[in-house]
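Here is a friendly walk through the pockets, surface and charged contacts of one protein. Have a look at the model first, and then we can go through it together.

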Amino acid sequence: MKISDQQIEQIREATNIVDLVGEHVRLRKRGRNWTGLCPFHSEKTPSFSVLEDRGIFKCFGCGKGGDVFSFVMQMEGLTFPEAAERLAKRANIELQSVSSEDDDRIKSEREAIFEALRAAAAFYYRLLRAPEGARAMDYLKKRGLEDEVMRKFGLGYSPESSGLLTAALTKQGFSNGILEAAGILAHGDNGDSYERFRGRVIFPVFGATGRIVGFGGRIMPGAPEKLAKYINSPDTQVYHKSQILYGLFQAKDAIRRKGFAVLVEGYADVLAVFQGGVENVVAASGTSLTIDQLGLLKRYTTDVVLL
Ligand code: ZN
């Protein structure tokens, strides 16, 4: 079976290497990384490390190393497709075979979407700290948010008028098609496209590996009442609301360390609780809690406190 690169990335995204290796090796946290006794050679002192941020493992004793796929291949003597199937099953991902031409097209579009989201997040982030964002910054500070937390979660501000962001991203080479696929642009009734987030505080939503997959936006005080208080990115190739937990990327180390997660309602709740020193906090923002979200959380803990 030919597995698409898109699905391979999906499997990689869905597989936490510390959890995977942890099923075979007793790991202890040392600094940013995890260490344990190498499962591939016999040793008394650990020379085997897992670099969670990079999704890889490495043994300084026997030299074995690789990613989640090579770990399963070497551990269980499987071929790459077999290892991918095994990991897909573990992550509840249904595999579909595709032609390699489609595969390349899908892969490059996904990459372009990720790039566009990152560029948009950088734009929003800068704007919050520019004169245009002063009112938003003032509002966030009045709500008691510290700059360190705002930075950690990459908060930003979207301009009130549509066009500025599009112009900036067009200059960077992004087509309107990609901006629409990324959910940054929306379609009006007359067919014109416009920027989805305007005059809102922006909460970037990170996937479990730290890539931005979408945004949440909150209106500012004094905005017209007909506007929704919060809006989210629509579902895209890289963003599926029902499969995302806001704050998970920032919380996962603390969840693992403390052995449980705190589940709150929305973006602002996560920030407030995190700033209060409870860093193992996530939100099912913009949706009621789903089975997929619980499955995601289960990779880190089975103990959840609803707040
Ligand atoms: Zn080794």
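## The largest pocket

Which helix gives the most to the lining of the largest pocket? That is α12, with six residues. Please keep in mind that this is a predicted model. The largest pocket has a volume of about 1,100 Å³. Its lining is made up of 34 residues, and those closest to the centre are Gln-10, Ala-14, Ile-93, Gln-243 and Arg-299.

Helix α12 spans 291–298, and α1 (5–14) and α5 (100–128) also supply at least two residues each to this lining. By class, 16 of the lining residues are nonpolar, 11 are polar and seven are charged.

## The second largest pocket

The second largest pocket comes to about 720 Å³. Of its 29 lining residues, Glu-52, Asp-53, Ala-208, Phe-249 and Lys-252 are the closest to the centre. Charged residues number 16 in this lining, beside eight nonpolar and five polar ones.

Here α10 gives the most, with seven residues. Both α1 and α10 (248–258) supply at least two residues to the lining. Helix α10 also has a set of buried residues: Leu-248, Gln-250, Ala-251, Lys-252, Ala-254, Ile-255 and Arg-256. Just after this helix, Gly-259 takes a positive phi of about 85°.

## An enclosed cavity

How many cavities of 30 Å³ or more does the structure hold? There is one, and the largest cavity has a volume of about 40 Å³. Its lining consists of Val-205, Tyr-239, Lys-241, Ile-244, Tyr-267 and Ser-285. Sorted by class, that makes four nonpolar residues, one polar and one charged.

## A nonpolar patch on the surface

Turning to the outside, Leu-289, Leu-294, Val-304 and Leu-306 form a nonpolar surface patch, with about 330 Å² of accessible area together. Leu-306 sits in strand β14 (residues 304–306). Is Leu-306 buried or exposed? With a relative accessible area of 64%, Leu-306 is exposed, because the cut-off for that class is over 50%.

## Salt bridges

Side chains of opposite charge can pair when their charged atoms come close. Across the whole structure, a search finds 15 salt bridges. One of them joins Asp-253 to Lys-29, with the closest N and O atoms 3.3 Å apart. This pair links distant parts of the chain, as Asp-253 is in helix α10 and Lys-29 in strand β1 (residues 28–30), 224 residues apart. Asp-253 is partly exposed at 30% relative accessible area, and Lys-29 is partly exposed at 37%.

Glu-111 and Arg-211 also meet in a salt bridge, at 3.4 Å from N to O. Glu-111 lies in helix α5 and Arg-211 in the loop between β9 (200–206) and β10 (212–219), so their contact ties together parts that are 100 residues apart in sequence. Both partners count as partly exposed, Glu-111 at 31% and Arg-211 at 28%.

## Within a helix, and a shared network

Another salt bridge pairs Glu-115 with Arg-118, whose closest N and O atoms are 3.1 Å apart. Why are these two separated by about one helical turn? They are three residues apart in helix α5. An α-helix has 3.6 residues a turn, so residues three or four places apart point the same way. Glu-115 is partly exposed at 34% relative accessibility, whereas Arg-118 counts as exposed at 54%.

Finally, salt bridges that share partners join Asp-19, Lys-29, Glu-52, Asp-253 and Arg-256 into one network.

How values were computed
Residues numbered from 1 in each chain as written. Predicted model: local features only at pLDDT ≥ 70, side-chain atom pairs only at ≥ 80, totals over all residues. Heavy atoms only, no water. 1 Å grid on protein atoms, 1.4 Å probe; cavity = no way out; pocket = protein on both sides within 12 Å on 5 of 7 lines; lining within 4 Å. Points joined across faces, edges and corners; volume = space filled by probe spheres on them. Helix = DSSP H or I, 4+ residues; strand = E, 2+ residues; numbered from the N terminus. Nonpolar A, V, L, I, M, F, W, Y, C, P; charged D, E, K, R; others polar. Buried < 20%, exposed > 50% of the residue type's maximum accessible area, 1.4 Å probe, protein only. Patch = residues over 30% accessible without salt bridge, like charges linked within 9 Å, V, L, I, M, F, W, Y side chains within 5 Å. Areas by Shrake-Rupley, 256 points an atom, 1.4 Å probe, with all protein chains shown as cover. Salt bridge = Lys/Arg side-chain N within 4 Å of Asp/Glu carboxyl O.
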